Amino acid sequence: EILKDHSEGLIALSGCLKGEVPSLFAEGRDAEAEAAAEELARMFPDRFYLELMNHGIPAQDIVRPKLIDLGKRKGWPCVATHDVHYLERKSAPAQDALLCIQTGKVIQDEKRLKMASDRFYFTSPEEMGELFPECPEALTNTVTLASQLNLELDFHTYHFPKFQTPAGEDLPTYLERLSRKGSEERCSTLPESRRPAYEARLTSELKTIREMGFAGYFLIVADFIRYARSTGMPVGPGRGSAAGSLVAYCLRITDIDPLVHDLLFERFLNPERISMPDMDIDFCMRRRDEVIRYVSQKYGNVSQIITFGKMKARAVVRDVGRVMGLPYGDVDRIAKLIPATLGMTLEQALEIEPRLMELAKEKPQIKELIDIARQLEGFPRHASTHAAGVVISDRPLTEYLPLCTGQQEEIITQFDMKAVEKTGLIKFDFLGLKTLTVIDDAVKLIEKRTGTKLTIDTIPL
C-alpha cells in the first residue's frame with residue numbers, strides 16, 4: 001500500500017533471493033511469483049526491472065532462467081546486478097571474520113551466519129559479462145537504468161531551525177536588539193572610558209554574524225540556555241572558542257568577558273574560514289535530557305547523533321584472534337607487542353616491532369591473523385549515541401539523512417557528526433557535565449546545613 005501511494009519518481013527492481021518475486025520462484029511457486037511481478041509492474045510503469053544475480057549460489061541458478069523467461073514473455077527488461085560487500089575477492093576471509101566479530105561466533109562454527117560464496121566483491125565489466133552469457137542485454141540495461149537516475153546533493157546550504165522573532169524583525173535585527181540590551185546590563189558597572197571598546201567590538205561581531213548568516217544560531221543557543229537557567233538547572237560558564245564572543249557574553253550564553261581576558265572572536269567565527277560556529281554548552285549531568293526535550297518540543301525536528309566505535313590496532317588483533325579460535329595467551333602476546341601509542345596502526349607497529357614480522361614468518365596462523373586484522377583495522381565495530389551532539393533542523397530530518405533508534409530507543413542519525421555537518425544540518429553540543437552536578441549538590445548541602453544561600457554563578461571560577 002505504501003509503494004502504491006509513493007511510487008512516482010521511483011524505479012523498482014525485483015530484488016535478490018530474499019525479494020518476493022525471486023523467493024517465490026525459488027520455492028517453485030511460479031504462478032504466485034508472476035502475479036507478484038505483475039503487481040509491481042503496474043505500480044511502476046516502465047520503471048520495473050527484473051534483477052539478475054550470479055554469485056555462484058545454486059538457488060540463483062534456478063531463479064535466473066525463470067526471470068529471463070518472464071521478462072521475454074511480459075516485455076519487462078532484465079538488469080544485471082552484483083551484491084558488493086568488499087572490494088577484492090581475496091578479502092572474502094576478512095569479510096567472514098568480520099561477520100563472526102559482529103555475531104560473536106568463531107570461524108569453525110558450521111552453524112553460524114556466513115556469506116554464501118566468496119564472490120561478493122566488486123567485479124569488473126569483463127567479469128560481469130562472463131557471469132551473464134545467457135542475457136547480454138541485462139548488462140546494457142544497467143546503462144539505460146543509470147541514465148534514468150538523478151540525485152543532486154547540496155553540500156553548500158545550511159538548514160537552520162526556524163526561530164520565531166517578534167513581528168517585523170528579521171533574525172539579525174532581533175539578535176542586535178537583544179545583544180545591545182545585554183551589553184547595557186553587562187557593562188553597567190564599567191567606567192565610561194572602557195565602554196567604547198565594548199561598543200566597537202559588539203558592532204564588529206554583529207556585522208560578521210549578519211554577513212555569515214549565523215544570527216539564528218546565536219538566538220537558538222541563547223533560547224535553550226535561558227530555558228535551562230529559568231528552571232534552576234546548572235549551566236556552565238562557557239568553554240572553547242565561543243568564549244571569545246562578546247555577543248555570546250551579552251546574550252548570557254557565556255559568562256566570560258572576552259575583553260577582560262583578551263580572547264579573540266576570530267577564533268570562533270572568521271569570514272576568511274567559512275565554517276559553522278561550534279558552541280559546547282555544559283549542563284547538569286542529571287538534567288541534560290530536559291533541555292533536549294525542550295528543543296524537541298519547540299523546534300520539532302531534533303535528533304541525537306550516532307557515533308561509531310572503531311577497531312583499533314590492539315583491539316582488532318584480539319577480535320580476529322578470538323574468532324579464529326587461537327589460544328588467548330598467543331593472541332594477548334601479539335597484541336601487547338603493538339606499542340600502546342595513541343593513533344598507532346598495525347602498519348606502523350610492524351615497522352617498529354620486528355618480533356611481529358618474525359612471528360608471522362614462523363607461524364602461518366599468526367600471518368593470517370595479522371593479514372586479516374590489517375584489512376579490518378579502522379572499521380566500525382559498534383554504534384552508540386554521541387555523548388553531546390544534537391541536530392536541529394528546519395524541516396523533517398528524513399529529508400536530509402536517514403534515522404534509526406539508539407540503545408535507549410532514542411532517535412539518532414545514521415550519519416556521524418562529520419557527515420551530518422556536510423549535509424548542512426546544524427549541530428549543537430549539549431554536554432552533561434558531572435562537575436556541574438557535583439557543585440550543584442554541594443551548594444544545596446551547604447544551604448541545607450548552614451542556611452547560607454549560594455548559587456553556582458556566585459562561586460568564583
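Visitor: At what angle do helix α5 and α13 pack, and how far apart are their axes?

Guide: Helix α5 (residues 92-103) and α13 pack at an angle of about 95°, and their axes are 9 Å apart. This is a predicted model, in which local features need pLDDT of at least 70 and side-chain atom pairs count only at pLDDT 80 or more, while totals for chains, interfaces and linings use all residues. Residues are numbered from 1 along each chain as its sequence is written, and side-chain values use heavy atoms, with hydrogens and water left out.

Visitor: Why is α5 called roughly perpendicular to α13?

Guide: Angles of 65 to 115 degrees count as roughly perpendicular, under 35 as roughly parallel, over 145 as roughly antiparallel, and the rest as oblique. The angle here is about 95°, so α5 is roughly perpendicular to α13. The axes are lines fitted to C-alpha atoms, for helices over the stretch in contact, and angles run from 0 to 180 degrees between N-to-C directions.

Visitor: Which residues make the contact of α5 with α13?

Guide: Ala97, Cys100 and Ile101 of α5 meet Asp319, Val320, Arg322 and Val323 of α13. Contact means heavy atoms within 4.5 Å. By class, the residues of this contact are five nonpolar, no polar and two charged. For these classes, Ala, Val, Leu, Ile, Met, Phe, Trp, Tyr, Cys and Pro are nonpolar, Asp, Glu, Lys and Arg are charged, and the others, Gly among them, are polar.

Visitor: What makes α13 and α14 roughly antiparallel to each other?

Guide: The axes of α13 (residues 313-323) and α14 (residues 328-337) cross at roughly 160° and come within 9 Å. That angle falls in the class roughly antiparallel, and the pair is therefore given that name. On the α13 side the contact has Arg314, Val317, Arg318 and Gly321, and on the α14 side Tyr328, Val331, Asp332, Ile334, Ala335 and Lys336. These residues divide into five nonpolar, one polar and four charged.

Visitor: Why is lysine 74 called partly exposed?

Guide: Buried means under 20% relative accessible area, exposed means over 50%, and partly exposed is in between (1.4 Å probe, protein chains only). Lysine 74 has 33% relative accessibility, so it counts as partly exposed. This residue is in helix α4 (residues 58-74).

Visitor: How do you know that the side chains of lysine 74 and glutamate 38 are joined by a polar contact?

Guide: A polar contact is a pair of N or O atoms within 3.5 Å; within protein, one must be able to donate a hydrogen and the other to accept it, and residues adjacent in sequence count only if both atoms are side-chain atoms. The contact between these two side chains is 2.5 Å. Neighbours within four places in sequence aside, lysine 74 is in contact with Glu34 and Glu38.

Visitor: Is phenylalanine 265 buried or exposed, and what makes it so?

Guide: Phenylalanine 265 has 4% relative accessibility, so it counts as buried. Its place is in the loop between α11 (246-250) and β4 (280-284). Apart from neighbours within four places in sequence, its contacts are Arg201, Glu205, Thr208, Ile209, Gly244 and Ser245.

Visitor: What about threonine 208: where is it found?

Guide: Threonine 208 is in helix α9 (residues 195-212). Its relative accessible area is 12%, so it is buried. With neighbours within four places in sequence left aside, threonine 208 is in contact with Phe265 and Pro271.

Visitor: Why is isoleucine 370 called buried?

Guide: Its relative accessibility is 4%, so isoleucine 370 counts as buried. Isoleucine 370 belongs to helix α17 (residues 364-376). Leu350, Leu356 and Ala360 touch isoleucine 370, residues up to four places away in sequence not being counted.

Visitor: What is the phi of aspartate 46?

Guide: Phi of aspartate 46 is near 60°, a positive value in a residue other than glycine. Most residues other than glycine have a negative phi. Aspartate 46 lies in the loop between α3 (30-43) and β2 (48-52). With a relative accessible area of 77%, aspartate 46 is exposed.

Visitor: Which positive phi does arginine 252 have?

Guide: Arginine 252 has a phi of about 65° and is not a glycine. Arginine 252 is in the loop between α11 and β4. At 37% relative accessibility it counts as partly exposed.

Terms used
Helix = DSSP H or I, 4+ residues; strand = E, 2+ residues; numbered from the N terminus.
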